[in-house]
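I am opening a notebook on a structure that is new to me, and I want to record what I look up, one topic at a time.

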Amino acid sequence: NKQVILKDYVSGFPKESDFYINTNGTMKLKVPEGSIGVVVKNLYLSCDPYMRNRMKKAVAGSYIESFKPGSPISGYGVAKVLDSRHPDFKKGDLVWARTRWEEYSLLTNLVTLNKVLHTDVPLTYHMGILGMPGLTAYAGFYEVCSPMKGEYVFISAASGAVGQLVGQFAKLIGCYVVGSAGSKEKVDLLKSKFRFNEAFNYKEEPDLDAALKRYFPEGIDIYFDNVGGKMLDAVLLNMRVHGRIAVCGMISQYNLHNPEGVHNLYFPEGIDIYFDNVGGKMLDAVLLNMRVHGRIAVCGMISQYNLHNPEGVHNLLHLISKRIRMEGFLVFHYYHLYPKFVEQVLSYIAEGKIVYVEDIAEGLENGPAALIGLFTGRNVGKQIVLVARE
Ligand code: NDP
């Protein structure tokens with residue numbers, strides 16, 4: 001049973017050498033007597049940015065458990081049932097589930113075990129457009145962004161698993177949509193395949209503020225943030241009154257020892273409500289201590305009013321004058337929307353209204369390179385690892 005093993009907790013950018021392939025893993029292909037579960041052959045595995053967080057030692061408030069050094073890593077996958085001791089699953093069934101990065105797995109966490117119901121679309125879709133990234137795009141866009149026809153929408157990491165869908169959803173309701181991505185190939189894809197109005201390569205823009213002003217002379221209504229950091233800073237300068245920022249991810253910060261700007265924007269614990277009158281260092285410290293679903297009313301930032309160069313994420317000040325709603329969200333809280341989401345997306349696919357681009361790495365042994373490629377932009381579309389075709 002070939003397996004992808006994490007050697008130790010990772011600090012900084014993950015490297016291929018942080019993993020090794022164990023070719024001697026043992027595995028009984030029968031569910032042990034007395035257990036309820038299934039033994040599966042893993043077919044496809046999903047590479048997702050949140051897995052970076054699992055490569056670190058868990059900290060208080062973490063929403064997901066860490067990988068165990070010396071053990072196979074895990075994530076979403078599609079698999080075939082080889083043996084079952086569960087009344088709802090039988091040999092030969094296709095499932096999508098949380099599984100381990102190995103050829104064969106015993107799955108006993110039944111909460112995350114789902115039958116593949118839609119066989120008229122590629123199996124891999126259950127990890128992308130019909131899976132967790134798809135629901136993230138759907139919930140993040142429709143629920144968090146409160147979009148309206150004609151609004152100006154900007155998406156970062158726009159060609160990725162989540163971004164490509166957000167852009168297409170926005171086009172479908174009649175928004176003006178611009179995306180940023182890290183290569184010419186991705187920019188071309190955004191314009192030709194996903195039909196964004198415009199797209200640009202952020203790596204070739206010396207001044208992100210100027211680039212955004214070029215594409216949004218009247219400002220941005222909705223920013224779907226996948227990257228955080230400098231791009232967020234530049235976007236804050238260009239938001240329109242009553243704009244909305246859905247803080248989906250901050251991939252530019254995940255591997256940094258000292259995240260940039262307002263350092264703590266994605267680490268909530270402790271405080272439910274912060275009524276901010278001062279901004280600056282206090283806001284920075286409060287952000288370290290916010291609890292899940294906390295709310296910050298940005299009433300004033302008096303510590304910043306007389307500074308030539310405001311501190312931290314310099315442009316947070318714009319939240320006030322433009323009355324922007326900036327809201328973080330986690331897909332896990334939107335699973336109740338799953339049936340509605342799948343029905344909607346399947347009909348869009350059938351009508352040819354949306355398309356989905358995937359990047360499939362072949363072979364479990366190429367999994368680590370595919371996974372860490374998310375952090376260098378190697379993937380073009382949703383990154384998947386093919387373990388076995390059937
Ligand atoms: P993608 O398929 O978009 O892959 C990641 C992409 O991020 C890369 O291809 C790269 O594209 C871009 N990227 C990597 N490093 C940087 C950087 N330093 N600066 C800017 N861009 C960078 O991943 P997903 O679509 O799966 O995820 C997108 C975001 O959504 C992530 O931040 C992820 O953590 C988040 N997410 C959040 C969820 C939630 O519940 N809140 C659920 C799922 C995902 P490029 O070439 O364009 O730079």
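The entries below go through strands, helix packing and one record annotation.

**Ground rules.** I note that this is a predicted model, in which local features need pLDDT of at least 70 and side-chain atom pairs count only at pLDDT 80 or more, while totals for chains, interfaces and linings use all residues. Residues are numbered from 1 along each chain as its sequence is written.

**Antiparallel strands.** I took helices (H or I, at least four residues) and strands (E, at least two) as DSSP runs numbered from the N terminus, and I counted two strands as paired if DSSP finds at least two bridges between them. I looked up strand 4, residues 74-85, and found that eight bridges tie it to strand 3, residues 37-46, in an antiparallel arrangement. Within this pairing, V40 has V81 of strand 4 as its bridge partner. Strand 4 also pairs with strand 5, residues 94-100, again antiparallel, over seven bridges, and here K80 is bridged to L94 of strand 5.

I then followed an open sheet of six strands, whose order is 10-9-8-11-12-15 and whose pairing is parallel. Strand 10 (198-201) and strand 15 (325-328) are the edges, and because each has a single partner strand, one side of each is left without a neighbour in the sheet. Neighbouring strands of this sheet are turned against each other by 15 degrees on average, direction ignored.

**Helix 1 and its two partners.** I read the axes as lines fitted to C-alpha atoms, for helices over the stretch in contact, with angles from 0 to 180 degrees between N-to-C directions. Helix 1 (residues 132-144) packs against helix 2 (residues 163-172) at about 45 degrees, with the axes 8 Å apart. The two are therefore oblique to each other, given that angles under 35 degrees count as roughly parallel, over 145 as roughly antiparallel, 65 to 115 as roughly perpendicular and the rest as oblique. Taking residues as in contact if their C-beta atoms, placed from the backbone, lie within 7 Å, I found G134, A137, G140 and F141 of helix 1 meeting L165, V166, F169 and A170 of helix 2.

With helix 8 (residues 338-350), helix 1 makes an angle of about 95 degrees, the axes being 10 Å apart, and these two helices are therefore roughly perpendicular. In this contact G134, L135 and Y138 of helix 1 meet Y338, F341 and V345 of helix 8.

**Helix 4 and helix 5.** The axes of helix 4 (residues 208-215) and helix 5 (residues 229-236) come within 9 Å and cross at roughly 50 degrees, which means that helix 4 is oblique to helix 5. I listed L208, D209 and L212 from helix 4 and K230, M231, A234 and V235 from helix 5 as making the contact.

**The record.** Which feature does UniProt place at residues 161-253? The unreviewed entry gives "domain: Alcohol dehydrogenase-like C-terminal" there, and I keep in mind that UniProt positions are in the numbering used here, that feature names are shortened, and that annotations may be inferred rather than shown by experiment. In the model, the end C-alpha atoms of residues 161-253 lie 18 Å apart, and the span is 38% helix and 27% strand.

Note on methods
Contact = placed C-beta atoms within 7 Å.
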